[in-house]
Amino acid sequence: MPEEKNQLIIPHENRPELLTIIPISQRPIFPGMMIPLILSGEYMIESAQEIMESESKIGGVVLIKDQHDRISVTEDLYKVGVAAKIVKITPVDEKTVQVMLNALGRFTYKSTLQDEPILKWKVNHYYEDEFKSTEEMKAFSMAIISSVKDLIKTNSLFQEELKLFLNRFSVEDPGKLADFVASMTTADSSEVQEVLETFDVRLRVKKVLVLLKKEIELGKIQKKITEQIEEKISKQQKDFFLKEQLREIKKELGLEKDEKTSEIEKFNERLSRLHLSEEAQKKVDEEINKLRLLEPHSAEYGVSRNYLDWITSLPWGVYSEDNYDIEKARKILDRDHYGLNDIKERILEFIATGKMKGNISGSIICFIGPPGVGKTSIGKSVAEALNRKFFRFSLGGMRDEAEIKGHRRTYIGAMPGKIIQSLKTVDVANPVIMLDEIDKIGASFQGDPASALLEVLDPEQNANFLDHYIDLRFDISNVLFIATANQMDTIPGPLLDRMEVMNLSGYILEEKLQIAKKYLINKQIDEHGLKKNMVKIDNDALKKTIDGYAREAGVRVLENNIKKIMRKSARRFAEGKTDSIRVTAKNLEEFLGKPRFSDESLYDKRIPGVVMGLAWTSLGGTTLYVEATAIESKMKGFKQTGQLRDVMRESSEIAYTYIQSKAKDYGIDADFFPNRFIHLHVPAGATPKDGPSAGITMATSLYSLARNKPIKKNVAMTGELTVTGKVLPIGGVKEKTIAAKKAKVKTIIYPYENKKDFEELPDYIKKGLDAHFINYFDEILDIVY
């Protein structure tokens with residue numbers, strides 16, 4: 001063994017039996033290692049200084065069993081460590097030093113001399129026998145070297161460390177070779193400490209070979225993972241470079257353009273088919289020039305590109321050709337809807353006006369009627385009759401004006417409002433746009449959409465409609481807007497003023513019967529996978545369905561009942577029935593259950609003080625009974641019940657005052673009112689009621705009570721009463737007349753000024769009704785008695 005290779009380790013150097021101990025964490029050190037050690041903490045630095053100042057400059061380095069933050073004592077440490085000579089101490093900062101150690105040999109713990117603050121042990125030193133080369137030792141060394149060679153293939157770090165080792169020791173010394181290899185592995189500190197505690201060279205070598213085997217397997221797994229990652233990255237890089245090369249080649253050949261050029265060409269191609277205003281053209285040119293200067297990966301590029309995409313997608317100056325063929329329009333309306341003759345006539349007049357004028361610009365229609373009467377579907381028919389594209393969106397519950405006029409482009413995710421979006425969808429500047437549920441529009445801190453609609457629905461303003469996102473004036477004056485609503489009361493006045501209102505009152509039994517036969521039954525047979533001859537519903541069954549299950553103004557509930565019949569029929573056929581099913585009035589309850597409605601009349605006999613009135617609701621017309629009764633009392637009084645609101649309560653008080661004032665003329669006992677407490681009630685007490693049209697009904701009820709004379713059967717009336725007995729006109733004549741027919745009323749009384757409204761009704765609605773029109777209350781008495 002050459003002397004220069006052993007100069008740092010003196011085998012027989014005198015090592016003191018009493019050692020100052022330096023506890024270390026993570027991994028133990030082995031004899032023969034020259035290693036720098038970082039020490040921090042007051043007592044650790046003091047320990048190193050004490051060792052350095054001792055005569056031998058030798059201390060002990062021992063591994064801590066478990067990591068902790070407190071000062072280590074004997075119980076915290078393993079019992080085998082390494083005696084090391086401190087060569088040099090270099091300060092790093094105020095609390096940290098670097099100590100250069102030369103590890104000499106193993107020792108074992110004997111006893112503790114001092115635990116705190118500086119740890120001192122009495123130890124037994126272990127001196128390895130001088131190395132003697134034998135065949136067995138060579139075999140151990142070769143086994144380790146062979147494993148190290150395999151490890152070097154996956155971990156090049158071992159190669160450099162092995163060179164340093166060979167400069168200091170003989171490769172044929174298996175003990176030192178085993179210590180070196182153990183210190184280089186990534187094994188757990190407890191496994192490495194176990195090697196340090198193995199004094200027998202043969203056992204030590206065997207343990208190190210096991211660690212090496214684990215290391216080699218770990219290295220192979222790491223190498224495999226690294227190769228997979230590199231292969232994936234290499235493939236991605238290769239694909240990227242090939243795509244870039246292909247793109248460059250195509251650009252050189254003129255076969256492909258970059259993303260920015262393609263986008264600009266797309267926008268220019270769209271612009272060539274449009275007729276932009278001067279303002280819009282200037283803005284587009286500015287944006288395209290800005291886009292040319294921006295990098296495609298910049299945020300501003302995306303904002304500018306989206307803006308240009310919206311502008312160039314709008315139908316600037318693009319119009320569909322209107323159809324003014326009155327006869328064709330009539331056929332389309334008749335094909336899709338039964339009845340509604342007054343509405344159809346007004347729509348045809350509207351189209352005729354457009355034909356004479358040359359366009360239908362500046363028109364806003366509002367269909368008002370109960371649910372299910374066909375407001376939305378008739379809007380679609382109008383679009384088809386005019387040969388225009390149709391777009392519908394609902395305003396119900398809308399609370400943000402930005403949904404109408406768009407968001408400003410400064411906001412993230414900004415986009416145009418519904419009007420501009422609809423124009424982009426239909427791709428023409430003169431569609432039919434339906435604003436559904438305009439009576440249910442909301443308002444919040446985010447704005448008032450109803451106010452935003454004022455500009456949209458004003459023919460004087462919408463030629464220059466300004467959306468916040470587009471920020472350019474767009475002409476929507478050629479758009480035909482059709483709004484729908486269930487009631488007029490909740491539509492803001494300025495908005496209602498801009499629209500032409502058309503009322504759809506609802507259907508009577510005969511109309512519903514025809515609608516069911518011509519449209520609903522055939523539609524539901526198809527939707528349930530049946531054939532026409534498989535299910536038949538006769539007229540009596542349909543009439544019973546309409547009268548007993550579907551009395552609403554529209555036909556939606558009627559359609560739902562027909563669906564129910566078809567579902568039950570489909571199930572019977574699915575279960576094996578082969579005969580066709582015939583639904584009659586007798587077996588209707590098998591399909592629909594018990595009727596929801598009975599006869600409108602609440603009373604089997606005539607009673608003094610009970611009179612039938614007529615009322616209007618957002619769901620159509622309805623009958624309304626007024627009852628009056630008297631309780632003998634020492635003083636007069638009058639109270640009303642039935643959830644009557646202010647206007648209706650005032651009407652009852654007017655009726656009470658009027659009948660009292662005319663008591664003598666009407667032959668009423670002079671003591672009747674002074675000695676009785678009058679109670680007037682309107683049944684269906686859970687339903688709020690309001691309006692002035694029950695005035696004459698309440699007065700008639702009080703007259704009938706005071707005279708103790710019931711009025712004749714099947715009489716209904718409506719009209720506002722003044723304190724002088726004058727009868728004023730009311731609204732909802734058609735709805736109330738339909739309600740009277742449903743209730744099998746024979747005689748109906750209206751204010752005289754409503755005569756023209758009644759006469760405008762179709763004959764099939766007026767048929768069977770004895771209508772009377774009065775100016776003053778006195779005229780009622782001759783009719784009802």
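Val 80 sits in strand β4, which covers residues 80–93; helices (H or I, at least four residues) and strands (E, at least two) are DSSP runs, numbered from the N terminus. At 9% relative accessibility, Val 80 is buried. Here buried means under 20% relative accessible area, exposed means over 50%, and partly exposed is anything in between (1.4 Å probe, protein chains only).

What does Val 80 touch, once residues up to four places away in sequence are set aside? The list is Val 62, Phe 107, Thr 108, Gln 193, Leu 196, Glu 197 and Phe 199, where a contact means heavy atoms within 4.5 Å. Leu 294, on the other hand, is 214 residues from Val 80 in sequence and 70 Å from it in space, C-alpha to C-alpha.

## What kind of model this is

This is a predicted model, so local features need pLDDT of at least 70 and side-chain atom pairs count only at pLDDT 80 or more, while totals for chains, interfaces and linings use all residues. Residues are numbered from 1 along each chain as its sequence is written, and side-chain values use heavy atoms, with hydrogens and water left out.

The average pLDDT of the protein is 85, and 92% of the residues score at least 70; pLDDT is the predictor's confidence in each residue, from 0 to 100. Over residues 1–12 pLDDT stays under 50, and the model has 12 contacts beyond four places in sequence for that stretch. Where pLDDT is low, the predicted coordinates should not be read in detail.

## The whole protein

The protein has 26 helices and 24 strands. Its radius of gyration is 50 Å, well over the 28 Å that the globule rule gives for 785 residues, so the protein is more spread out than a compact globule. That radius is taken over C-alpha atoms, and the globule rule is 2.2 Å times the number of residues to the power 0.38. Along the principal axes, the C-alpha trace spans about 145 × 85 × 65 Å.

Of the 785 residues, 45% are buried. Among contacts with a separation of 6 or more, 74% are between residues 24 or more positions apart. The exposed surface comes to about 40400 Å², with carbon and sulfur atoms supplying 50% of it; these areas come from the Shrake-Rupley method with a 1.4 Å probe, and for residues only the protein chains shown count as cover. As for charge, the mean positions of the 117 positive and 119 negative charges are 7 Å apart. Lys and Arg count as positive and Asp and Glu as negative, with His and the chain ends not counted; each charge is placed at NZ of Lys, CZ of Arg, CG of Asp or CD of Glu.

## Buried spots in helices

Helix α4 (residues 174–184) is mostly covered, with 10 of its 11 residues buried. Those buried residues include Leu 177, Phe 180, Val 181 and Met 184, and Asp 179 is on the list as well.

Ser 141 belongs to helix α2 (residues 135–154) and is buried at a relative accessible area of 2%. Lys 424 is 283 residues from Ser 141 in sequence and 83 Å from it in space, C-alpha to C-alpha. Then there's Lys 734, in helix α23 (residues 733–742). Is Lys 734 buried or exposed? Lys 734 counts as buried, at 10% relative accessibility. Leaving out residues up to four places away in sequence, Lys 734 touches Asp 342, Ser 505, Gly 506, Leu 761 and Ile 765.

## Loops worth a look

The loop between β5 (96–114) and β6 (120–125) holds Pro 117, which is joined to Glu 116 by a cis peptide bond with omega of about -10 degrees.

Two other loop residues have a positive phi without being glycine. Glu 437 has phi near 55 degrees and lies between β9 (432–436) and α15 (449–456), partly exposed at 25% relative accessibility. Gln 643 has phi near 60 degrees and lies between β18 (637–641) and α21 (646–661); Gln 643 is partly exposed, at 39%.

Tyr 752 is in the loop between β23 (747–751) and α24 (755–759), and is partly exposed with a relative accessible area of 41%. Apart from neighbours within four places in sequence, Tyr 752 is in contact with Phe 773, Ile 774 and Asn 775. Tyr 752 and Ile 229 are 523 residues apart in sequence and 93 Å apart in space, C-alpha to C-alpha.
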